[in-house]
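Please keep the sequence and the model at hand while reading.

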Amino acid sequence: MTQINGASSTLHLPRILCLHGGGVNAKVFEIQCRAIITRLKSSFRLVFVDAPFLSPAHPAIVQVFGDLGPFRRWLRWSPEQPEIDGDAAAAEIRHVCQRTMDADAGTGEWVGILGFSQGAKIATSILWTQERLAAAAAAAKSAAKATDETEQQQQDLNDMKTNFKFGIIMAGRAPIVQLSGRLDTPRHVVDAGRLSSDFSDWPETNEGPHAISIPTLHVHGLRDPGLDQHRILSDRYCKSGTVELVEWDGDHRIPIKQYDVEDVVSKILEMANYSV
C-alpha cells in the first residue's frame, strides 16, 4: 500500500519518492515524516512506498505503531531472515518502486528520493544504479556499439523512471547495494541478497566506481549508534562537492522539533533549487 501526502492540490508538484526504514511501512513512515511533510507540502508531492519483503516490526516502533502492520523491509539484516538471490532481491526492490511511481496520480516530475535508515541505503543505491546505467548507455551510444545488453541496461533505467536530481539520505548506512544485474559490481558495493552487517571492505576515498556524484543531503543524529557508518556513506560513497550535511542532537529517528526540521527543510529546498 502506498501512502501519499496531501490531496489533489499536490498533483502538479515535483515529486519525491520516500522509502521507509526496515521493520516499518509506508503508512508509519508518513506519520514519522509529518513535520517535514508540513513544511514541504507547497513545494513537493511526497509519495511513500512499501518495501517488498515482510518483516517483524522494528523494536523502536512497537510501542507507538505496533498495531499498524504488516511491516516490511528492503534488505536482510538478520541471519534468521530468509536468504534470497541478490538479483532477485534487486528486481523486487525495482518492482515496488516502479509500481508505486506508475500508480501515482501526480503529474509533476520525479525529482528526488528520500530514505530513512535501510530506506536511505536503498535510496543511495538507486541513485548509484541510475548513474551507472546512464553512464553505460551513454558510453554505448557514443561508441555506436549498442547491444542487446546495453539496451536492456537502459530499459532497467526506464522501467524505474529514475532521473532523480537529488537524494535526501537520513541515517543511511554504508555500503551501497547493487540494484541492477546488468551492471558489474565494483569493489565496496554489495549485492542485494547479502547481509551487509558483516561487511568491512570500506573504501579509503570517495573516488572510484563505488561513489555517486548526484547531489545528496545527509541527515545525521549525533547520538545515533550507527553514526560512524552514516559518515562512511556520506564521506566515502559520495563524491566531493556533492554532499550537504545536517547534524542534529538526536538518535536513530526522524527529526520532529521545529528547529531541527527547519534545518533539514531549508537544506532540501536549497539543494532542490540548484539541482532541478
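The model is predicted, so local features need pLDDT of at least 70 and side-chain atom pairs count only at pLDDT 80 or more, while totals for chains, interfaces and linings use all residues. Residues are numbered from 1 along each chain as its sequence is written, and side-chain values use heavy atoms, with hydrogens and water left out.

**Largest pocket**

- The largest pocket holds about 860 Å³ of space, where a pocket is an open set of points on a 1 Å grid over the protein atoms alone, with protein on both sides within 12 Å along at least five of seven lines, and a volume is the space filled by probe spheres set on the points.
- Its lining, meaning residues with an atom within 4 Å of a point, comprises 34 residues, of which Gly22, His58, Phe116, Ser117 and His252 lie nearest the centre of the pocket.
- Two or more lining residues come from each of helix H3 (62-65), helix H5 (118-142) and helix H7 (227-236), with the largest share, three residues, coming from H3; helices here are DSSP runs (H or I, at least four residues), as strands are (E, at least two).
- By class, the lining has 14 nonpolar, 14 polar and six charged residues, with Gly counted among the polar ones.

**Aromatic pairs**

- Three aromatic pairs are counted, a pair being rings of Phe, Tyr or Trp (its six-membered ring) with centres within 6.5 Å, and edge-to-face meaning planes over 60 degrees apart.
- Phe29 and Phe48 form an edge-to-face pair at 5.6 Å centre to centre, with 75° between the planes; Phe29 lies in helix H1 (residues 26-32) and Phe48 in strand E3 (residues 45-49), so the pair ties together parts that are 19 residues apart in sequence, and both residues are buried.
- The rings of Phe199 and Trp202 have centres 4.9 Å apart and planes at 75°, so this pair is edge-to-face, and both Phe199 and Trp202 are buried.

Methods
On a 1 Å grid over the protein atoms alone, a cavity is a set of points where a 1.4 Å probe fits but cannot get out, and a pocket is an open set with protein on both sides within 12 Å along at least five of seven lines; lining residues have an atom within 4 Å of a point. Rings of Phe, Tyr and Trp (its six-membered ring) pair if their centres lie within 6.5 Å; planes under 30 degrees apart count as stacked, over 60 as edge-to-face and the rest as tilted. Buried means under 20% relative accessible area, exposed over 50%, partly exposed in between (1.4 Å probe, protein chains only).
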